[in-house]
Amino acid sequence: MEPHRLSAADARRVAIRAQRLDARRPTQLVPLVRDLTLLQIDPTAAIAPNADLVAWSRLGSTYDPDELVRALELDRSLFELNALIRPIEDLALYRADMAGAPSYETSRAWLRDNGPFHRDVLALLRDTGPLTSREIPDTSVVAWPSSGWTNNRNVTRMLEVLALRGEVAIAGRRRRERIWDLAERVYPPDLPAIPSVEAARLRNERRLGSLGIARAKSPAMPMEPADVGEAGEPAVVEGLDGVWRVDPRLLDGEFAGRTALLSPFDRLLHNRVRTLELFGFDYTLEMYKPAAQRRWGYFALPILHGDRLVGKLDARADRKAGVLAVTAVHEDEVFSAKTRRAVDHEIADVATWLGLEVSS
């Protein structure tokens, strides 16, 4: 078919609308997660945990993090797998592939060598679960080899492998520590397993619906791909090379933007290459850099205003002092008075949500 021809502003607005960051705010958490397809879990909480910060950016200060806990642990409308929170019905899109997990030969060999350990973990959970990893003895035959922080963390690694296989699942959290149980006691018993080829197609469609516009093929990314295959319809964007895929449902209608503070892990800008192409926005998460080498701050929040990413907020929640400490607002272009007021309003709003006072 003939590609849709989009202006740069059209493309940005499709992406913003898909991520529920336009003026039509969503009002409920679970339907929001269905639209976004996922919330990423990350331990960094310079402002707030990522999943909560992403939800607040859409829902505003009426959002209560306890809603997320209830959805994960009580009504099971959401589930956690591989550091991503998804709607429970999307589990059907992953079940067929679980039988072949883990995909890496190193992990498969380690699992085979630790057959007794595998059986011990399942038996203990069956008899006494749910349990944290600290409550499960390490009966491994072969230690998990890694050059990183997972080296010899055998219980944790076994649980994560078995979760990818659909044998165990995260039943909740105790503070930040995961609580594990048999998957059959966490997941709905009647959820189907959609065949792999069909599931991959549906995942691409779901992903494009959440991104609005994306490349058919993108560089590999951890946890969740950024590409969408042949989902949607082809599009070309003014000033950009190549063909994109666009969700045609997002092409119609008037666009009304708003101002939002975004997590560095927000899916609007998680794919930095796409962000640079569509928004001309240069961003790097700098918490891993020495302080002297940072341009924008340890955990700078990208600032969305209308259909542009216009700057970064360097701020940190100091809960002991009861303040949201604002170090700087970096303006990619000089803010108008209207933009500055809108950004200040969002800073005040996130402080109110956190129960803090703004300090600058």
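## A partly exposed methionine

M223 has a relative accessibility of 33%, so the residue counts as partly exposed. The model is a predicted one. M223 is not a glycine, yet its phi is positive, at about 75°. Where does M223 lie? Its place is the loop between β8 (213–214) and β9 (233–237).

## An arginine with positive phi

R76 also belongs under this topic. Its phi is positive, about 55°, although R76 is not a glycine. The residue sits in a loop, with α4 (65–73) on one side and β3 (78–81) on the other. R76 has 21% relative accessibility, so it counts as partly exposed. The cut-off matters here: buried means under 20%.

## Cis peptide bonds

Next come two prolines. The bond from A101 to P102 is cis, and its omega is near -5°. P102 is part of the loop between α5 (95–98) and α6 (105–113).

G129 and P130 are likewise joined by a cis peptide bond. Omega is about 0° there. P130 falls in the loop that runs between α7 (115–128) and β5 (131–132).

## Aromatic pairs

How many aromatic pairs does a search of the whole structure find? The search gives 8. Are W110 and F117 buried or exposed? W110 is buried, and F117 is buried too.

F281 and Y283 make another pair. Their ring centres are 6.2 Å apart. Their planes are at 5°, so this pair is stacked. The cut-off for stacking is an angle under 30 degrees. F281 and Y283 are both buried.

Ring pairs can also join into a group. Which residues do ring pairs link into a cluster? They are W56, Y63 and W353.

## Charges over rings

K312 lies over the face of W296. The distance to the ring centre is 4.1 Å.

R316 has its charged end over the ring of Y298. Here the distance to the centre of the ring is 4.6 Å.

## In brief

The backbone points to look up are R76, M223 and the cis bonds at P102 and P130. For charges over rings, look up K312 with W296 and R316 with Y298.

Technical notes. Residues numbered from 1 in each chain as written. Predicted model: local features only at pLDDT ≥ 70, side-chain atom pairs only at ≥ 80, totals over all residues. Heavy atoms only, no water. Phe/Tyr/Trp six-rings, centres within 6.5 Å; stacked < 30°, edge-to-face > 60°. Buried < 20%, exposed > 50% of the residue type's maximum accessible area, 1.4 Å probe, protein only. Lys NZ or Arg CZ within 6 Å of the ring centre and 35° of its normal. Helix = DSSP H or I, 4+ residues; strand = E, 2+ residues; numbered from the N terminus.
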